[in-house]
Amino acid sequence: MASSSELLFTSSHEWLQPGGDVRRIGITDHAQHLLGDIVYTDLPKPGKQVKKGEAILVVESPKAAADVYAPVSGEVVEVNGALEGEPSIINQDPYGAGWLVAIRVSNPGETSGMMSEADYKKSIGE
Amino acid sequence: MNGMLFEKLPLVNEISSPGRRGVLPPSADQSERRAARAKLPANLRRKAAPALPEVSELDAMRHFTRLSQKNYSIDAQFYPLGSCTMKYNPRINEKVAAMAGFARLHPMQESADIQGSLRIFHDLQEILKQVLGLGGVTLCPAAGAQGEFAGMAIIRAYHRDNNTGRDEVIIPDSAHGTNPASAAFAGFKVREVKSGADGCVDLDALRAAINDKTAAIMLTNPNTCGLFEKDIKEIARMIHAAGGLLYYDGANLNAIVGRARPGDMGFDVVHMNLHKTFSTPHGGGGPGAGPVGVAERLINYLPAPHVRKAGSKYEFYSPDRSIGKLLAFHANAGVIVRALSYAMSQGGTGLWDVATYATLNANYVLNNLPAVFERPFGNLCKHEALVTVRRISKEKDIKAFDIAKRLLDLGYHAPTIYFPLLVPECLLIEPTETESKETLDGFIAAMKQIATEIESTPDVLRNAPNELPTGRMDEAAAAKALNVCCQWGDVPMA
């Protein structure tokens with residue numbers, strides 16, 4: 001697993017692994033802080049085709065249910081089954097064990113607009 | 001503060017005493033019992049008596065009266081719950097709605113026998129047409145969200161009839177959460193647009209979202225930041241020019257009722273919450289009423305049954321292209337009666353004052369809260385004051401949640417928190433027009449006390465509520481460890 005400084009970020013608070021055909025997606029530490037205790041995730045089924053910018057799954061806390069958007073287009077090939085019993089893993093380790101889904105990226109060029117961790121932190125005022 | 005609110009009460013089963021009775025029902029004779037038993041399959045017959053509480057009539061009365069006193073309610077306390085319009089509901093509405101001629105009707109009665117009630121429907125439709133500035137109004141929807149669904153179903157029917165192929169609905173990120181759900185339920189795809197830095201719709205983002213699939217935009221105006229969409233005319237022009245319709249979420253109508261009309265702003269479909277703006281006690285889950293107003297070109301799609309005047313009589317009818325029925329009967333009639341009672345007792349000038357004082361009160365609160373409650377969008381608002389404690393949450397680890405819980409200690413219902421989602425750590429305060437300056441000053445004093453406590457005794461906030469019978473709940477545990485199986489004596493209920 002990459003350290004957070006190597007990940008790519010969206011303005012809607014998702015992260016994406018930087019290289020490879022199949023890449024993991026998750027939500028940022030800032031996002032899990034805003035949501036608070038995550039109590040539920042509605043993960044897609046492997047095989048689902050997703051388009052960049054499309055809502056692909058929902059994470060829910062007592063405060064809010066938040067859509068998570070696909071940072072890139074592709075096919076969902078794996079979901080993090082551990083979240084079903086223990087969604088709070090996302091709070092504890094958002095960049096590691098709290099990953100959400102893995103996508104086989106169909107168009108790697110789509111990542112060109114994504115941010116570095118430093119730029120992301122600047123964008124959220126940290 | 002109401003001492004009863006904080007009293008620990010036993011369950012009614014816990015004050016049960018064997019053999020004690022409030023009511024003695026007549027006992028069935030042997031043959032009746034045998035006949036009943038013969039009809040009930042053996043596997044459904046109870047093996048032991050149910051655990052019904054055995055109490056005297058006086059015990060039962062005291063128990064339920066005290067339970068009612070534990071309610072935190074607008075009748076007893078200030079209730080500044082943002083986006084909910086918890087205002088005083090004048091008692092005359094209750095008196096009128098309880099009249100036997102309204103309260104004891106049966107929905108299956110012939111329309112010839114309920115002309116008075118149909119006239120109530122008709123007259124309220126006419127008043128709401130004036131209030132909304134639109135050509136037609138249905139009173140059918142039983143609540144705000146059903147009104148949203150009805151409105152979106154009307155828009156879908158309109159686009160189908162005109163073969164436009166439009167199936168996308170644009171919704172700003174400040175919208176009520178029900179909007180995307182209603183649009184999706186009516187068969188649309190939802191496209192969210194971000195708000196600008198001023199809390200209003202960002203016209204560039206909107207322009208980018210509009211295309212030949214755009215069926216409608218759903219807007220709340222004033223929006224959930226408590227702000228009037230300043231570009232509403234331009235938004236209407238852009239959507240109409242693109243072939244879409246404008247949907248108005250009237251949950252915040254209290255801010256403009258009598259002073260500005262959605263129809264004049266260019267909206268084609270509007271739902272309103274009678275139980276909020278036109279005053280029915282609500283907050284306990286209903287009943288509500290979510291009438292929908294539509295522009296002339298959409299009248300033919302209104303749900304059935306619709307009420308109209310034919311000569312000197314009133315009658316039900318179904319418009320030609322009606323989206324159909326929304327509920328088994330006509331509407332939540334009691335709410336309709338209360339709304340007409342409210343509208344007529346206020347009169348046109350009274351409704352004008354509603355919006356004036358609702359806005360004045362919210363601005364008074366917004367501008368008199370201590371500085372830790374930052375104003376994300378300046379010093380002016382409509383009917384609700386949005387503030388954020390984002391800075392304090394970072395510097396002192398005191399969250400909006402902690403402040404809401406501490407307000408309970410101080411005798412206030414907490415405002416809405418963490419909504420709208422686009423402002424982190426926010427509190428949304430809607431004081432309504434019916435509260436006096438003294439009440440608002442009391443609330444402001446409580447917020448000042450909290451501001452002091454953030455500095456002096458932050459743990460009092462982090463642990464709040466400290467003075468209620470029940471301390472802080474673990475909200476996450478309740479949602480994670482789902483255990484909703486009920487048991488009644490020896491009989492499992494689920």
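**Reading strands, helices and loops**

Mentor: Let's begin with one pair of residues: Thr416(B) stands opposite Leu428(B) in β12(B). Keep in mind as we go that this model is predicted.

Trainee: How many bridges join β11(B) to β12(B)?

Mentor: The general idea comes before the case: strands of a sheet pair through backbone hydrogen bonds, either parallel or antiparallel. Here β11(B) and strand β12 (residues 426-429) of chain B run antiparallel and are joined by 2 bridges.

Trainee: What is the order of the strands in this sheet of chain B?

Mentor: Reading across the open sheet of 3 strands, you find β10-β12-β11 of chain B, paired antiparallel. The edges are taken by β10 (385-388) and β11 (416-417) of chain B; each has a single partner strand, so one side of each has no neighbour in the sheet.

Trainee: Now to helices. At what angle do the axes of α6 and α7 of chain B cross?

Mentor: Look at helix α6 (residues 144-161) and helix α7 (residues 178-185) of chain B: their axes come within 8 Å and cross at roughly 45 degrees. The two helices are therefore oblique to each other, and the crossing of α6(B) and α7(B) is right-handed.

Trainee: Which residues make the contact?

Mentor: From α6(B) come Ala145(B), Glu148(B), Phe149(B) and Met152(B), while α7(B) brings Thr178(B), Asn179(B), Ser182(B), Ala183(B) and Phe185(B). By class, this contact of α6(B) with α7(B) has 5 nonpolar, 3 polar and 1 charged.

Trainee: How do I read an interface between chains?

Mentor: The size of an interface is often given as the accessible area lost when the parts come together. Here we can count residues instead: 7 residues of chain A are in contact with 7 residues of chain B. On the side of chain A that touches chain B, 5 are nonpolar, no residues are polar and 2 are charged.

Trainee: And what are the domains of chain B?

Mentor: The domain assignment gives domain 1 (92-346) and domain 2 (363-479) of chain B, and 32 Å separate their centres, taken over C-alpha atoms. Their contact takes 14 residues from domain 1 and 13 residues from domain 2.

Trainee: Last, the loops. Where does Pro222(B) lie?

Mentor: Pro222(B) is in the loop between β4 (214-220) and α9 (232-241) of chain B. A cis peptide bond joins Asn221(B) to Pro222(B), with omega about 0 degrees. Another cis peptide bond joins Ala464(B) and Pro465(B); Pro465(B) sits in the loop between α16 (458-462) and α17 (475-480) of chain B.

Terms used: Residues are numbered from 1 along each chain as its sequence is written. Chains are lettered from A and ligands numbered from 1 in the order in which they are written. This is a predicted model: local features need pLDDT of at least 70, side-chain atom pairs count only at pLDDT 80 or more; totals for chains, interfaces and linings use all residues. Axes are lines fitted to C-alpha atoms, for helices over the stretch in contact, and angles run from 0 to 180 degrees between N-to-C directions. Helices (H or I, at least four residues) and strands (E, at least two) are DSSP runs, numbered from the N terminus. Angles under 35 degrees count as roughly parallel, over 145 as roughly antiparallel, 65 to 115 as roughly perpendicular and the rest as oblique. A crossing is left-handed if the near helix is turned anticlockwise from the far one by less than a right angle, and right-handed if clockwise. Two residues are in contact if their C-beta atoms, placed from the backbone, lie within 7 Å. Ala, Val, Leu, Ile, Met, Phe, Trp, Tyr, Cys and Pro count as nonpolar, Asp, Glu, Lys and Arg as charged, and the others, Gly among them, as polar. Domain bounds come from an automatic or database domain assignment. Two strands pair if DSSP finds at least two bridges between them.
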